[in-house]
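Subject: Structure for your files

Hello,

Here is the structure I said I would pass on. My notes on it follow below.

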Amino acid sequence: MSHALRSGPRAGLRLMHVHAHPDDESSKGAATTARYVDEGVDVHVVTCTGGERGSILNPKMDRPDVLENISEIRRQEMERARDILGVRQDWLGFVDSGWPEGDPKPPLPEGCFALVPVEEAAEPLVRLIREFRPHVVTTYDENGGYPHPDHIMCHKVAVAAFEAAGDPARYPGAGAPWQPLKLYYHHSFNRPRMQALHDAMLAHGLESPWEERLKDWKPDPEWDDRITTRVPCGDYFGVRDQALLAHATQIDPDGHWFAIPRELQEKIWPTEDYELVVSHVPSQTPEDDLFAGVPDHA
Ligand SMILES: [Zn+2]
């Protein structure tokens, strides 16, 4: 696909998502991505690691031949998801840190992403920001969205690169300075959304996949108040689902991702939700658009 020929009402705008692993771009903000791509926005996914240490989460793919070739298979899955979403995608080239299991947790494997100094890990991202020149950048909150060491590292690296990319004194060898205008954190896995979908399932006499999860997840209105921006994208949940399914080793088609009928999701919670963290343009929250305040053809 040619990115130079993007057309649509919002052609000229550029959005960059910084994610930890292949599949994160499809499980977080994918419907937002599909909507903006449809409107002509150029969307660039940056994937920090190759996902080499991810477990196989789809029983149908848990086979020795898949496990042996997991790096190559995850790369191919990412290419399929990229094409379904209509984005460009780059790897930062770091090695997956893995999910530390055990009590106490074992030390992280040598050379993994989470152990690279932030200053060093941010350099290739600064380079990509200066090349692609996004108006808006998204990543995870300071807890990583969930506490995988690569997600927390991804947050640190994305925030550092967002701050450094516009400063000519930083990373002088990494291209001409470019300051993205807005930085967002993903907040789509919020409790009120889960509760609303859970209630809707029960009201329709369906079994909810979230019973246990909600019991352990105490309400935290202060946290929920951090959401500033809800992007309507229900029409693109189908594209999101196709992109998720492209990650066949990570996504079980019979698992919780697809337990809630799409029509119900579109009706009950047709947005993906974000927190505006930095804005260099005047913008008033709450908003319903990641580009609110960004001049067209900026
Ligand atoms: Zn991940």
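**The annotated site**

D24 has its place in helix α1, residues 24-27; helices (H or I, at least four residues) and strands (E, at least two) are DSSP runs, numbered from the N terminus. Before going on, please note that this is a predicted model: local features need pLDDT of at least 70, side-chain atom pairs count only at pLDDT 80 or more, and totals for chains, interfaces and linings use all residues. Residues are numbered from 1 along each chain as its sequence is written.

D24 counts as buried because it has 27 C-beta neighbours inside 10 Å. The cut-offs are 20 or more other C-beta atoms within 10 Å of a residue's own for buried, 12 or fewer for exposed, and partly exposed in between, with C-beta atoms placed from the backbone.

Which residues does the UniProt annotation "binding site" cover? According to that unreviewed entry, they are H21, D24 and H151. They span 131 residues in sequence, yet no two of their C-alpha atoms are more than 9.6 Å apart, so they gather at one spot. UniProt positions are given in the numbering used here, feature names are shortened, and annotations may be inferred rather than shown by experiment.

H21 is found in the loop between β1 (14-19) and α1. H21 is buried, with 26 other C-beta atoms within 10 Å. Leaving aside neighbours within four places in sequence, H21 is in contact (C-beta atoms, placed from the backbone, within 7 Å) with T47, T49, G51, G54, D96 and D150. From H21 to Y274 it is 253 residues in sequence and 19 Å in space, C-alpha to C-alpha.

H151 lies in helix α7, residues 149-164, and counts as buried with 23 C-beta neighbours inside 10 Å. With neighbours within four places in sequence left aside, the contacts of H151 are A20, Y140, G144, G145 and Y146.

**Helix α2**

Helix α2 (residues 30-38) is mostly covered, with 8 of its 9 residues buried. Those buried residues are A30, A31, T32, T33, A34, R35, Y36 and V37. G40 follows α2 and has a positive phi, near 100 degrees.

**Two helix pairs**

Helix α6 (residues 123-132) packs against α7 at an angle of about 50 degrees, and their axes are 9 Å apart. Axes are lines fitted to C-alpha atoms, for helices over the stretch in contact, and angles run from 0 to 180 degrees between N-to-C directions. α6 and α7 are therefore oblique to each other; angles under 35 degrees count as roughly parallel, over 145 as roughly antiparallel, 65 to 115 as roughly perpendicular and the rest as oblique. The contact is made by L125, V126 and I129 of α6 with V157, A158, A161 and A164 of α7. These residues divide into 7 nonpolar, no polar and no charged. Here Ala, Val, Leu, Ile, Met, Phe, Trp, Tyr, Cys and Pro count as nonpolar, Asp, Glu, Lys and Arg as charged, and the others, Gly among them, as polar.

How do α4 and α11 lie relative to each other? The axes of helix α4 (residues 70-85) and helix α11 (residues 237-246) come within 8 Å and cross at roughly 165 degrees, and the two helices are therefore roughly antiparallel. In α4, E77, R80, A81, I84 and L85 meet V239, Q242, A243 and A246 of α11. The residues of this contact divide into 6 nonpolar, 1 polar and 2 charged.

Regards

Definitions and conventions
Contact = placed C-beta atoms within 7 Å.
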